[in-house]
Amino acid sequence: MQPAEVIVADDGSTDDTERVVREFGACHLHNPRGDWRPSGGRNAGMRAAGTTYVAFIDSDDLYHPRALERLHAAIAAQKDAPFAFGRGLAARLTPSGWESDGVIAPRDWELEDFLCSLYARNSIPSGGGLVRRELALTLGG
């Protein structure tokens, strides 16, 4: 599943990000002050989006090729769910290559009282969620 639109929230870059983004047909939102931080950039992108659902991915993250398809199927199956999420693999580059730092996901016992657990420990990777845009905007982003 391809995204309906791609918006790059650029928080103060001074390189050729805008040229690259436009070359690939995406929308470029540039904040020359560089003071959005992660949540500010996500909120700016969400406000600019014209879609029902919004997914976020940071510049150092990658999606599984079927991630959006699977997240969309999950949220569509639960009409009252504000978001759907998957798991993330944390990895780091070492002199000998990429090494796994483990999986970012809720533990089984955290699913018993998920909202309480989510408040105590965010177990959702930033690039692993699909949210209902209007609901998120209503709640303030």
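Let's start at Arg-133, which is buried, with a relative accessible area of 10%. Buried here means under 20% relative accessible area, exposed means over 50%, and partly exposed is in between, using a 1.4 Å probe and protein chains only. Arg-133 also has a partner: it forms a salt bridge with Glu-134, with the closest N and O atoms 2.7 Å apart. A salt bridge is counted when a side-chain nitrogen of Lys or Arg lies within 4 Å of a carboxyl oxygen of Asp or Glu.

A word on what you're looking at: this is a predicted model, where local features need pLDDT of at least 70 and side-chain atom pairs count only at pLDDT 80 or more, while totals for chains, interfaces and linings use all residues. Residues are numbered from 1 along each chain as its sequence is written, and side-chain values use heavy atoms, with hydrogens and water left out.

Now for the sheet. It is an open one, made of 3 strands in the order S3-S7-S4, with antiparallel pairing. The edge strands are S3 (53-55) and S4 (83-85), each pairing on one side only. On average, neighbouring strands are turned by 20 degrees against each other, direction ignored. Helices (H or I, at least four residues) and strands (E, at least two) are DSSP runs, numbered from the N terminus, and two strands pair if DSSP finds at least two bridges between them. In general, strands of a sheet pair through backbone hydrogen bonds, either parallel or antiparallel.

Follow the pairing residue by residue. S4 and S7 (residues 129-132) run antiparallel and share 3 bridges; Phe-85 is partnered with Gly-129 in S7, and Ala-84 with Leu-130. On the S3 side, 3 bridges join S3 to S7, again antiparallel, and there Ala-55 has Leu-130 as its bridge partner in S7.

Is S7 covered on one face or both? Both: Gly-129 and Val-131 on one side, and Leu-130 and Arg-132 on the other, are all buried.

Next comes helix H3 (residues 67-77), which lies across S3, S4 and S7 and runs at about 45 degrees to S7. Axes are lines fitted to C-alpha atoms, for helices over the stretch in contact, and angles run from 0 to 180 degrees between N-to-C directions. Which residues of H3 are buried? They are Ala-67, Leu-68, Leu-71 and Ile-75. Seen down the axis of H3, these buried residues fall within an arc of 90 degrees, so they line one face of the helix; the arc is that of the directions from the helix axis to the C-beta atoms. The buried residues of H3 pack against S3, S4 and S7, where contact means heavy atoms within 4.5 Å.

Back to the charged side chains: the whole structure has 10 salt bridges. Arg-42 and Asp-58 meet in one of them, at 2.8 Å from N to O. That pair links distant parts of the chain, with Arg-42 in helix H2 (residues 37-48) and Asp-58 in the loop between S3 and H3, 16 residues apart. Asp-58 is partly exposed, at 29% relative accessibility.

Finally, look at Asp-16, Arg-19 and Glu-23, which are linked in a network of salt bridges. Between Asp-16 and Arg-19, the closest N and O atoms are 2.6 Å apart. Asp-16 is partly exposed at 40% relative accessibility, and Arg-19 is partly exposed too, with a relative accessible area of 47%.
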